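Biologist: Please take a close look at one residue and its surroundings, and then at the other parts you can describe.

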Amino acid sequence: MLVNESKRKVWHGKVELADTFFKRFKGLMLVRNVNYALVFVLPAETRVNASIHMFFMLSDIDVIWLDSSRRVVDFKTARKWRVYAPKKAAKYIIEGPVGMIKTLEIEEGDLISWSPSEEKEKAIPVKISLPEKLSFESSNGVAMAESVSKLKTKKA
């Protein structure tokens, strides 16, 4: 979720962080339908670090540049196969689907905040020892026990 705190406008889409070199390097390149926002956390607040290219982009995107205090220093709809640099130095760049700027009613000087979407952890199967009278066999994943009061676990 992105929030324009100056105007109390909210964009309720998914937000991801690009806070490592490889995440910033890939960005939104080769993403067919951009339906989420990507917040780039840059190593330094400069115009050069904040410049972007639209090479290998499959669609146009909205781009918002923010300084270290999260104030908008520039914004525009970026077109494929072009290069862009902000008017002033930026520490953060928000790239997202076209229409994001309009929804947030972005203007220079607005204060922007974000809340990254929670990533679901992948489940990792783990082998565990079960008490003798507890079984998963032929139960469609439901644990069956003869009697809860008779179950004993081995102490390690």
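**Ser 113 and its surroundings**

Modeller: Leaving aside neighbours within four places in sequence, Ser 113 is in contact with Met 1, Leu 2, Val 3, Glu 5 and Arg 70. The model is a predicted one. Ser 113 belongs to strand E10, which covers residues 112–114. Its relative accessible area is 16%, and because buried means under 20%, Ser 113 counts as buried. One of its contacts, Glu 5, also makes a polar contact with Ser 113: the two side chains are joined at 2.7 Å.

Lys 9 can be described in the same terms. Lys 9 sits in strand E2, residues 9–11. With a relative accessible area of 31%, Lys 9 is partly exposed. When residues up to four places away in sequence are not counted, Lys 9 touches Leu 2, Val 3, Asn 4, Thr 103, Leu 104 and Glu 105. Of these, Leu 104 is 95 residues apart from Lys 9 in sequence, yet their C-alpha atoms are 5.2 Å apart in space.

Next comes the sheet. An open sheet is formed by 5 strands in the order E3-E4-E9-E6-E7, with mixed pairing. Its edge strands are E3 (14–18) and E7 (72–78), each of which pairs on one side only. From one strand to the next, the twist averages 20 degrees. Strands of a sheet pair through backbone hydrogen bonds, in either a parallel or an antiparallel sense. For E3 and strand E4 (residues 36–46), the sense is parallel, and the pairing runs over 5 bridges. Val 15 stands opposite Ala 37 in E4.

How values were computed. Residues numbered from 1 in each chain as written. Predicted model: local features only at pLDDT ≥ 70, side-chain atom pairs only at ≥ 80, totals over all residues. Heavy atoms only, no water. Helix = DSSP H or I, 4+ residues; strand = E, 2+ residues; numbered from the N terminus. Buried < 20%, exposed > 50% of the residue type's maximum accessible area, 1.4 Å probe, protein only. Polar contact = N/O pair within 3.5 Å; in protein donor to acceptor, adjacent residues only side chain to side chain. Contact = heavy atoms within 4.5 Å. Pairing = 2+ DSSP bridges. Axes fitted to C-alpha atoms, helices over the stretch in contact; angles between N-to-C directions.
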